[in-house]
Amino acid sequence: MSFDVWSSAVWQNLVAQAKLPLNLRQEFAADPARAERFTLEACGITLDYSKNLITTGIWQNLLQLAEASPLAHKRQQMFAGDKINTSENRSVWHTALRAPLGGDLTLDGVEISAEISQCHAQMYDLVNQLNAQTYLGYTGQVITDLIWIGIGGSLLGPQMAAEALTPYNISPVKIHFAGNIDGAVVSDVVKPLDPATTLVFVASKSFGTEETKQNALAVRQWFIDNGADKAAIARHFWATSSNIKAAAEFGIESSNILPMWDWVGGRYSLWSAIGFPLCLMLGVSQFNQLLAGAHAMDQHFLQAPLAQNMPVILALLGVWYINGLGCQAQALLPYSHYLRLLPSYVQQLDMESNGKSVNIDGDALNEATAPVIWGDAGTNGQHAYHQLLHQSALAIPADFILPIKPAHDLQDHHLRLAAHCFAQTQALMQGKTLAEATAEVKATGASDEQAAILAPHKVSPGNKPSNTLLLPELSPFYLGALIALYEHKVFVQGVLWDINSFDQWGVELGKQLSTPIYQVLSGQQQHGFDASTEQLIARFSR
């Protein structure tokens, strides 16, 4: 029997409270302890959630909602490797990949620690050879570049984390990512490179994903065009896949294939061999710190009471905004140049996991689920879309993320960055009233008439919610903890919405329809589509 949040008495109470006025300025003025009450630290990360549209009563009701849900049971099932991905009959066990090896990791009666250890050993051996420059290409030259070919979870995770941890890069090998099937991507990647000094890694669980396969074929042809033979390709091509046969048919030696398991979903696969680019650039020790940070957040999520559980807190706030207050979007605003790809990563993590229209039993949902996730690095966004955040009628909850210690020596830059970050959350919360705007205009010497004309344009309604997350520094450990935090937040929301957060059938339809369209475009099939698609094909094919 599914859990129905919406019919519960506590949710009906929350619905009633959502209709009552709530002013954050007044809440802070009336409660000097509000900031302290709604601030939490876990795994070294500080979360200030005091600037949210909650009262103590609302928050207690939200916690009661979590307590009444099957969260504790579902959480235990996930960490035990139970098959909670019901539509695909799969376990969801990415947490096992970052757990210390040597414990009890039994799945379907099979101890998998040895498999994970073997994968690590193979990955670490190749990393050490490349970083020591002892792995030689087919002409006897050292490898200077790595092309990582993947898409979706096989690309977004390692690419985001590689950007985030740029200051920790110790590898002499330069990493290039190729994902999009747009030919410009792979063409631009290979243009400055030499096949003789380039290693290629194909990341595809099925080894049949169209974008990955086409890019891999293009890079293989590039090798052939430059004189590489079958032995050379075998030397320079590696893969991580569960389809050993397809990878071997492509020309990759079985000894060059790192495993992927069906109990690890693509968007949760950073901790597997998909993390190879990170291991290469960080070295084995720092890569293990990334895993350790994620594991620390796993333990916090498992052990902390709900009221002090950071993933649960973020999840409950999201449910409150989406289903209680009707918000449809969330901004993710890292105040860190190195975290600029985090919004794109969390887009997939959140929207692909929870963008669903049926519950776990296949019954239609009557409530919204995942928000539209968007954002960019601060302070760039302040000169673009923050105008909408501050003055539009939309209420868009925002997560601000700031490392306390910078990875550079420009300390004044960092102080100014932090000042902007804190000022944005303050401005969103308190806004600017008409009286304040009028006084501000008149202070410039403007007349009453001029002030009356200009002041309304300066008014900001305020009462816009935000979280602030402070990391001690953007290190492998804290990045691992941050990523795991958002993973578990998405999981908790999936439980509350009673959906399967671990399948993604919605992405299949567009893939299926692209095949017959491609066949028409390439002259292999007759037309037979809707009028709009026929017109687009005709115009494209002129």
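Two strands count as paired here if DSSP finds at least two bridges between them, and the strands themselves are DSSP runs (E, at least two residues), numbered from the N terminus like the helices (H or I, at least four). The model on your screen is predicted, so to speak of local features a pLDDT of at least 70 is needed, side-chain atom pairs count only at pLDDT 80 or more, and totals for chains, interfaces and linings use all residues. Residues are numbered from 1 along each chain as its sequence is written, and side-chain values use heavy atoms, leaving out hydrogens and water.

**Stop 1: the sheet**

Start with the open sheet of six strands, whose order is β1-β2-β13-β12-β10-β11, with mixed pairing. Select β1 (39–42) and β11 (372–374): these stand at the edges with a single partner strand each, so one side of each has no neighbour in the sheet. From one strand to the next, the twist averages 20 degrees; angles run from 0 to 180 degrees between N-to-C directions, and axes are lines fitted to C-alpha atoms, for helices over the stretch in contact.

Now pick β10 (residues 329–334), which runs parallel to β11 and is joined to it by three bridges. Which residue stands opposite Ala 329 in β11? Look for Val 372.

Next, show helix α15 (residues 342–354), which packs on the sheet and touches β10, β11 and β12 (398–405). The direction of α15 makes about 165 degrees with that of β11. Contact means heavy atoms within 4.5 Å.

**Stop 2: salt bridges**

Arg 267 sits in the loop between β9 (257–259) and α12 (276–282), 85 residues from Glu 352. Are these two buried or exposed? Glu 352 is partly exposed, at 22% relative accessible area, while Arg 267 is buried, at 5%. Buried means under 20% relative accessible area, exposed over 50%, and partly exposed in between (1.4 Å probe, protein chains only).

Move on to Glu 440 and Lys 458, a salt bridge with its closest N and O atoms 3.3 Å apart. Glu 440 lies in helix α18 (residues 434–442) and Lys 458 in helix α19, so the pair ties together parts 18 residues apart in sequence.

Then select Lys 442 and Asp 448, whose side chains meet in a salt bridge at 2.8 Å, N to O. Lys 442 is partly exposed, at 39%, whereas Asp 448 is exposed, at 54%.

**Stop 3: a loop residue**

Select Ser 460, in the loop between α19 (448–458) and β13 (466–473). With 16% relative accessibility, Ser 460 counts as buried. Leaving out residues up to four places away in sequence, Ser 460 touches His 390, Gln 391, Gly 431 and Lys 432.

**Stop 4: the nonpolar cores**

A nonpolar core is a set of buried Ala, Val, Leu, Ile, Met, Phe, Trp, Tyr and Cys residues joined through side-chain atoms within 4.5 Å. The largest one has 121 residues, and those with the most contacts inside it are Trp 59, Phe 276 and Leu 479. Helix α20 (residues 476–497) gives the largest share of this core, 14 residues. Leaving aside neighbours within four places in sequence, the contacts of Trp 59 include Phe 38, Tyr 49 and Ile 313. Finish at a second, separate core of 24 residues, with Ala 216, Phe 223, Ala 228 and Ile 252 among them.

Conventions
A salt bridge is a side-chain nitrogen of Lys or Arg within 4 Å of a carboxyl oxygen of Asp or Glu.
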